[in-house]
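Here is a short briefing on one protein structure. Look at the picture first, then work through the points.

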Amino acid sequence: MDSERIGARRFGGWSAVLGGLLIGAGVAFAGWAVGSSLVKMRQAGRTVYVLGLSERDVQATMGTWRLSFRGEGESRAVALADHAQAQKAVEAFLKQAGFSEAELTLEPAALRVERRVQEDGTETARYFAVGAWRVRSPQIAALRKASGETGALLDQDVWLGDSDYSSGDAPEYAFTEVNAVKPEMIAEATRAARASAQQFAEDSGSRLGAIASAEQGVVQILARDGGEYSERAEPEKKIRVVARVRYYLED
């Protein structure tokens with residue numbers, strides 16, 4: 001009986017040891033399997049993010065100009081008469097600059113009254129009749145030239161601007177052919193992005209793989225020479241397209 005008990009205890013001990021070894025081996029294998037999958041995931045997820053740039057200098061294709069004027073007087077009738085005279089003078093100025101009737105639009109007139117109380121308590125009123133001609137034309141050179149010659153209207157006693165304190169009206173210029181140049185510029189920006197990614201892959205001892213993600217080129221219209229001026233105020237512009245692409249890297 002004693003020998004049987006001793007054999008059973010030894011068998012039980014070996015079973016425990018063997019079970020521990022098997023459990024340890026299982027944990028080790030599981031750890032190796034998880035570690036291996038993480039490495040593969042990291043390798044599969046190796047990417048390079050690059051930007052591709054395409055730029056072109058362009059000329060505005062459409063210009064707009066709001067040329068405001070006003071008539072003034074101590075009565076409504078005087079202000080309206082002065083306004084009518086200014087309206088005709090500005091129209092003649094614009095047509096002489098080469099703009100057709102189809103390129104001109106007359107804004108509705110507005111009348112305002114400014115009342116002031118004098119030191120003796122009496123009240124005075126001054127009337128202002130305000131209007132504007134709007135120009136919309138592809139004649140960029142003519143528009144630019146005319147906007148610099150408004151002094152000729154001042155010589156005719158034409159009041160320009162909505163009030164004495166308003167700044168002079170300046171033309172605005174737009175490039176309306178973006179859709180015509182966008183596809184080619186996006187392709188150029190994408191090629192530039194791939195070239196950058198290829199160079200990075202070679203420098204890092206990798207091979208460039210497929211595209212992981214890409215963002216369609218963002219189009220920006222900027223003043224060609226930068227500075228403080230608004231892009232809308234400059235006839236010369238710079239079109240910029242930026243492509244953002246992420247590539248897989250392979251060993």
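Is Arg 224 buried, partly exposed or exposed? Arg 224 has a relative accessible area of 36%, so it is partly exposed. Keep in mind that this is a predicted model.

**Salt bridges**
- The count comes to 20 salt bridges.
- Arg 224 pairs with Asp 225, and their closest N and O atoms are 3.2 Å apart. Asp 225 is exposed, because its relative accessible area of 62% is over 50%.
- Glu 91 and Lys 95 also form a salt bridge, at 3.2 Å from N to O. Both sit in helix H2 (residues 76-96), four residues apart, which is about one turn of the helix. Glu 91 is partly exposed at 24% relative accessibility. Lys 95 is partly exposed at 32%.

**A link across the chain**
- Arg 66 and Glu 107 form a salt bridge, with their closest N and O atoms 3.0 Å apart. This pair links distant parts of the chain, 41 residues apart: Arg 66 is in strand S2, and Glu 107 is in the loop between strands S3 and S4.
- Arg 66 and Glu 107 belong to a network of salt bridges with Arg 134 and Asp 162.

**Strands S4 and S5**
- S4 (residues 110-117) and S5 run antiparallel, joined by eight bridges. Arg 115 has Ala 125 in S5 as its bridge partner.
- Five residues lie between the two strands of this hairpin. In the turn, Gly 121 has a positive phi of about 95°.

**Ser 137**
- Ser 137 lies in S5 (residues 123-137). Ser 137 is buried, because its relative accessibility is 0%.
- The side chains of Ser 137 and Glu 103 make a polar contact of 2.8 Å.

Notes: Residues numbered from 1 in each chain as written. Predicted model: local features only at pLDDT ≥ 70, side-chain atom pairs only at ≥ 80, totals over all residues. Heavy atoms only, no water. Buried < 20%, exposed > 50% of the residue type's maximum accessible area, 1.4 Å probe, protein only. Polar contact = N/O pair within 3.5 Å; in protein donor to acceptor, adjacent residues only side chain to side chain. Pairing = 2+ DSSP bridges. Salt bridge = Lys/Arg side-chain N within 4 Å of Asp/Glu carboxyl O.
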